[in-house]
Each structure stands twice: as structure tokens, then as C-alpha cells.
Amino acid sequence: MNSKTLLYVIKRILLAIFTVWIVITVTFFVMHAVPGGPFVGEKATTPEVQKAMEAKYGLDKPLIEQYLTYLKDIVTKFDFGPSLKQRGRLVIDIIGDGMATSMSLGLIAAALSTIVGVILGAIAALRRNKIIDRIIMVITTAFVSMPSFIIGALLLVLFATTLDLVPAYADLSNGIGGYVLPVITLALYPMAYITRLTRSSMLDVLGQDYIRTAKAKGVSGKRIIFGHALKNSLIPVLTYLGPMLAYIVTGSLVVEKIFAVPGIGRAFVSSITNRDYTMIMGTTIILATLIVFMNLVTDILYKVVDPRITLE
């Protein structure tokens, strides 16, 4: 790694840290600006009890002091404080339990969508304007246009209720069969997007001069496709992979609620319903940090995939 590349990496890391700090700051002050409080909905809450609860969790201190303490705990101990509703549990523990499930679903869905998307995109590009190309484009357009909760609901009704092929809920007692529909629901949109992205990029690459030169020199069709066209057309796909993984995890909020998946999405939705402020802030910061980190990794990987790219 030369000095210019190292300087770029350091600059991107510092920018990522600054972005995460902005997210933490904005999330903290926005949550504290929300009318009401985390204990407003408590049963039989008197002003005295509410003040005692606020004192217990440090909510009676000046806002700036709360912010500095919160920031210090995150930086030094990676501690987002205790849950205000799930008494006796730390936010980071709840997030860790849910993230394990969400990341497993996300990684499987990401791998599935990437493999299928690249294959379909390459087929569509190599069979441009043929019937198979038109079929693939119609299907992917439909999947790109439909929100994940609509797709999830349709799959749930068709395969779980009508045909009874898979369990309706992702419960451990149902085995891995309960996770089939959530994975497919999460994978369909990015798969469709990657298909269209691969097709567009590959068509552009196939029209380049070096492809025509390779054909003129008698290079085999397989080598042209896999050694030149497909490899170079995957750079835009790589650009999408980092944000895609973050999208799949963060986009699983509604999907996990539909299929009762015990992941971070269901925990986040429940924390909003229960006004669990520390849980809302912790989950928002973790998910935002994941997006920033994946974008950082993607930017750095550009140079690895294509040495011709100049980092500035």
C-alpha cells in the first residue's frame, strides 16, 4: 500500500468516525426533544415516582451532562445504557441477541441476491432483446417496484397459508423452514437491482474497444465473457454490495415483524411502541454505523478490485 492510498484510507476512516459522531449527537438530542417521556405510559405513575425513575436513570441531570456521559460510555465502554422497559437488561445485550439473527438472515439473503442477480444480469446482457432478456427485465422491474412488506405479505399468504409449504413464523420450534420466506423477501429487491445493474454494466463493457480487439485476436468467447466482460462489469455491483448488506439488515425491520423473526428489527419496532428511548437510540446508532462502515469498506475495496482506480 503506497502513501497516497494509505492517506486516502486514513481520511475515509476519520470521515466515517465523524459521521458516526454526528449520528450519535443528532439521535440523542432529537430523542430528548420528543414530547413526553419514557415513563409517561407507566401504570399508576405519580409525579414523585416519575421523578424517582428519572433520577435512577440519570434523566434529571442537565441535558449537556447527559450527552457527555452518554458519549463517553459509548466511546470508552461501547455501552448504550440500560433498557428503560426491559428492566435489568442492557441495550447492547438486547441488540447483540437480535443482531445475531438479523445478520444471519442478512448474509444469506445478500449472498443469494448477489449470485442470482449476477447470473441473471449476465444472461440478460448476453441475450439482449431476446425473449429471456425481456422476461428477466419484466420480473426484476416488478420486484424493484414492490415494497418488501407487500412481497412478504404475498409470500406469506401464498406459501404459508394457501399452499402450507413452509411455516408462517420464524420460530425455533419450526426449524430453518420458518426462515425461508424472510430470506426470500429480503433477497428479492436487491437481486432484482443487481440483475439490472449487471446487465447495464455488462452491455457497456461488451461495447468497449478492448472487447472487440480480443474478439479480433481470436480469444475464446468464454474467456472474453468471464475473463474480461463479467469481471469489469462487476465494479458497479461492488459499489452496491456494501450499502446492500446494510439495507438488508436495516430493511428487515418490517420483514421481521411480519414473520415474527426474533431479530433486531422486531426489537426496534417494539422499542418505538414502548417508548424505550435508550433502545431506540442504541439501535439507530448501531444500524447507522453499520451503513457507514459498509460504505467505508466498499470504497477501500475499489482499489483491490480495479488497480486502475485512483484514490484521492
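**View 1. Helix H4 passes helix H5 in a left-handed crossing.** Left-handed means that the near helix is turned anticlockwise from the far one by less than a right angle; clockwise would be right-handed. The contact (heavy atoms within 4.5 Å) uses Leu120, Ile123 and Ala124 of H4. From H5 come Ile132, Asp133, Ile136 and Met137. These residues divide into 6 nonpolar, no polar and 1 charged. Ala, Val, Leu, Ile, Met, Phe, Trp, Tyr, Cys and Pro count as nonpolar, Asp, Glu, Lys and Arg as charged, and the others, Gly among them, as polar.

This is a predicted model: local features need pLDDT of at least 70, side-chain atom pairs count only at pLDDT 80 or more, and totals for chains, interfaces and linings use all residues. Residues are numbered from 1 along each chain as its sequence is written, and side-chain values use heavy atoms, without hydrogens and water.

**View 2. H4 (residues 91-126) and H5 (residues 131-145) pack at an angle of about 140 degrees.** Their axes lie 8 Å apart. The two helices are therefore oblique to each other. Angles under 35 degrees are roughly parallel, over 145 roughly antiparallel, 65 to 115 roughly perpendicular, and the rest oblique.

**View 3. Ser201 sits in helix H7 (residues 180-206).** Is Ser201 buried or exposed? Ser201 counts as buried because its relative accessibility is 11%. Buried means under 20% relative accessible area, exposed over 50%, partly exposed in between (1.4 Å probe, protein chains only). Leaving aside neighbours within four places in sequence, Ser201 contacts Asn232, Ser233 and Pro236.

Note on methods: Axes are lines fitted to C-alpha atoms, for helices over the stretch in contact, and angles run from 0 to 180 degrees between N-to-C directions. Helices (H or I, at least four residues) and strands (E, at least two) are DSSP runs, numbered from the N terminus.
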